[in-house]
Amino acid sequence: MLTGFSVSVFSTTSKTVILRWTRITGATSYKINVALKSAPDSPFAFVTFGPDIVMGSVSSLSSNVMYIFTLEALNDSQDALSTASTESSTALDPMDPIQVVKPQDSRTLIVEFNPNPLASHYIIRIQDTNGLFREDTVSSSPAQIASLTPYTEYFLSVLAVNNAGRSQPSPSVTVKTVLPPLELSTSSPSNNSIVVSWAAVPHAVQYTLSVHKFQSATKMEHNTSDTSFTISGLEAGALYFIKGYAWDAEGREGENSVYRNQTTRPPTPFSVNVSLERVNGVASLSVTWEMDPDVYGPTEFYVSSDQSLTCNTTSSSSCKLSAVGCGEVHTIQVTASNRAGPSYPSSPVVFITFPCPPESLALVETSEENCTLTWDTMPHAESYVAFIKAGDGSEMSCNTTNSNCTYHCQCGFMYLMSVLAFNPAGSSPQGEVLNHTTLPCCPEDVSVSAVSTDTLEITWAASRGAELYETSAADSSEVVLCNDTAPVCALSDLSCDSTYSVKVTPCNEFSGCNRACRAHTKDTAPCMPTNLMLNVKNSSCVSVSWTSTNRAATYSVSADAGDVKHTYTTSEESLELTDLPCGSTYEVSVTALTAAGHSLPSYSDSIETEPCCPGNLAVHQVTQAMTNVSWSHAKGAHSFIVSLTSPRGHARCHTQDSHCLMGCITCGTSYTVTMEAFSHSGRMTVCTEQGFSSSACCPSGVKLLRMADNSLRAYWRSTGSGHSTITEMVGSSNNYTCTASPGNNQCNIDNIQCGTVYHVMVAPLTADGSKVQYCGQRLYSVTCSGSNIGAVIYRGKRSVD
């Protein structure tokens with residue numbers, strides 16, 4: 001027998017079993033023998049199949065019976081090549097037709113049939129005209145058939161199934177599913193209506209809507225052939241449950257839609273009230289309202305102003321619009337809103353906020369000690385209160401419905417001013433604070449004095465409120481200004497001999513200058529005389545003239561020599577100066593005098609009087625040919641010319657000193673001495689002449705000769721003068737002299753000590769017996785020969801020491 005040959009049950013019914021086997025090589029046919037399991041050795045039927053068949057059925061069997069099936073593989077000789085067997089029970093008998101079919105919804109049917117107690121479960125066969133073939137396994141009756149197509153005709157049959165297989169299907173029944181449910185869409189366009197809409201349902205000829213109010217037994221139904229419907233006459237803010245279904249042409253009710261919950265819009269808030277609140281400087285509008293309490297579900301309230309302010313709340317009937325400003329006009333409405341949408345807005349409430357603070361504050365000092373504060377009229381303001389605080393701490397206020405206020409003010413005070421505007425909503429915020437200082441007070445105790453010819457000094461008592469003083473001096477041609485913070489001012493470079501109007505104007509940087517202060521008149525000093533001219537008429541008289549532009553003045557002429565000063569007064573423009581002493585240099589100037597003061601002195605001019613002669617003149621002969629002339633101080637003398645004149649010649653000396661050494665004079669001659677004194681400017685005085693005689697001439701050819709008895713003789717050439725002559729010998733230890741009478745030219749000296757060097761001088765004697773000092777000396781050595789004079793040796797000349 002061949003191995004690998006097998007047979008199995010493919011499927012069974014109540015009358016048929018289908019077997020499947022494996023093909024075997026060499027088999028030309030296959031034969032199935034059928035026997036009851038209760039009599040396996042007694043086959044009662046067989047079925048033969050060709051060699052290419054591997055599956056075959058055995059029919060005409062009894063239902064619900066256990067059979068043994070034996071398969072033989074036969075060759076051409078009908079010999080069995082191999083055999084295999086299997087056993088199986090046939091299925092149950094066919095079921096009775098389905099008794100009841102009813103729709104559960106448009107996609108589900110409820111099927112009821114008579115159950116078979118031998119069945120383990122059942123199969124519902126579903127078919128339609130579009131080729132659908134589906135089998136659903138169910139466990140019992142009634143059974144639910146789902147996932148069908150709405151409004152579709154189906155053919156249904158039922159099969160019983162046990163472990164042997166399934167029975168033949170029951171006779172089919174025809175059934176049509178109902179129309180599908182409506183896909184409802186709802187909204188509430190107003191607080192008393194709901195709009196329901198849906199997509200059109202194919203094959204539907206009519207629709208029914210069912211409306212039920214929450215917590216109410218009221219139920220409403222509405223039929224329509226349209227695909228939308230407006231339900232009106234509803235309560236505001238109420239919850240409604242809505243469902244609907246379609247009707248087909250057969251009059252069958254389609255599947256009900258799911259309930260759609262829809263709330264109508266809430267009722268309109270009423271009794272809206274608006275008030276203003278201010279917290280920490282922030283202003284807001286508090287809005288309150290009333291609302292019907294019988295409103296379903298959460299309601300949100302939305303408060304809006306046409307000034308783009310909004311607020312909303314869900315927990316109260318009040319809301320704040322923040323922050324609001326001054327001078328605003330708000331139109332306010334309250335809207336309630338729920339899931340359905342907003343209600344109609346409440347009736348508008350117009351609210352005007354507090355006015356804005358007044359602007360453009362300005363102060364005008366309308367009259368003396370009266371000020372008017374003005375401001376711009378503000379929209380929505382009904383009245384104003386002006387507050388004025390003075391620099392001394394006092395305060396004032398002014399209530400008015402106008403846009404100005406007049407109050408008492410004083411000069412030189414600072415005032416702080418503010419204005420509040422009022423209306424029924426309250427006062428404006430603090431606005432502009434005007435800081436105004438009134439015009440400073442006019443200075444008192446004004447004093448104008450001339451401190452120089454072109455300068456006026458003005459002093460005054462400091463005035464209240466003044467920070468700066470503008471001082472002016474005006475005449476017919478110019479205005480001179482001085483600005484300073486001190487209560488004193490010097491106005492310089494004024495025109496001389498002019499009448500000025502002097503005014504002190506107090507100023508401050510806030511209010512400007514008070515130009516109403518009184519002016520003061522003051523004349524400046526006279527103009528300085530010009531073109532001073534000096535003309536020397538003689539040694540003691542000088543003519544002075546000048547030019548003047550003064551209106552009326554007297555003139556003081558000053559001649560100042562330093563140690564002495566002469567002053568002359570005249571109303572003319574010229575004057576003669578007389579009796580001026582010698583040796584003086586005078587600075588001459590002219591000063592103009594008026595009641596306003598004195599001018600600057602004119603530019604001065606200098607004039608010198610002739611120099612004075614010296615008080616004494618002395619002539620002293622220095623050498624035989626030189627004379628020293630000296631003199632005392634001569635006032636005003638700058639230089640001197642001294643002349644010595646004689647028939648035998650003259651000498652001249654020009655010097656600034658008080659002495660003059662004059663040479664080249666002749667001894668023994670009478671001279672005339674004259675002096676000329678000159679001033680700095682060259683003015684000369686010739687002083688008195690006097691005589692001078694030069695000294696006698698010094699002897700010449702002096703010799704010293706040895707005499708007997710230790711004597712020496714001095715010898716010289718005769719001078720022919722009438723003067724005595726003295727001879728002096730000066731040695732280291734002994735001195736010797738001798739005098740010769742006039743006309744003699746020798747003199748003997750006795751008892752001379754030898755062995756000594758002697759200085760020998762021979763000089764004439766003056767009339768008073770004094771020796772002429774400038775004659776020359778000769779040097780001699782006197783040697784000894786034993787105890788006597790030996791030789792006298794000349795050793796040369798030397799000048800007088």
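The model is predicted, with local features requiring pLDDT of at least 70 and side-chain atom pairs pLDDT 80 or more, while totals for chains, interfaces and linings use all residues. Residues are numbered from 1 along each chain as its sequence is written, and side-chain values use heavy atoms, leaving out hydrogens and water.

Across the whole structure, 20 aromatic pairs were found; here, rings of Phe, Tyr and Trp (its six-membered ring) pair if their centres lie within 6.5 Å, and count as stacked with planes under 30 degrees apart, edge-to-face over 60 and tilted for the rest. Phenylalanine 5 and tyrosine 30 make a stacked pair, with 6.2 Å from centre to centre and 15 degrees between the planes. Both residues are buried (under 20% relative accessible area, with exposed over 50% and partly exposed in between; 1.4 Å probe, protein chains only).

Charges over rings (NZ of Lys or CZ of Arg within 6 Å of the ring centre and within 35 degrees of the ring normal) come next. The charged end of lysine 31 sits over phenylalanine 46, 4.7 Å from the ring centre, and arginine 278 lies over the face of phenylalanine 354 at 4.0 Å.

Finally, threonine 12 counts as buried because its relative accessibility is 8%. Beyond residues up to four places away in sequence, threonine 12 touches several residues, among them Val17, Ser88 and Arg166 (contact means heavy atoms within 4.5 Å).
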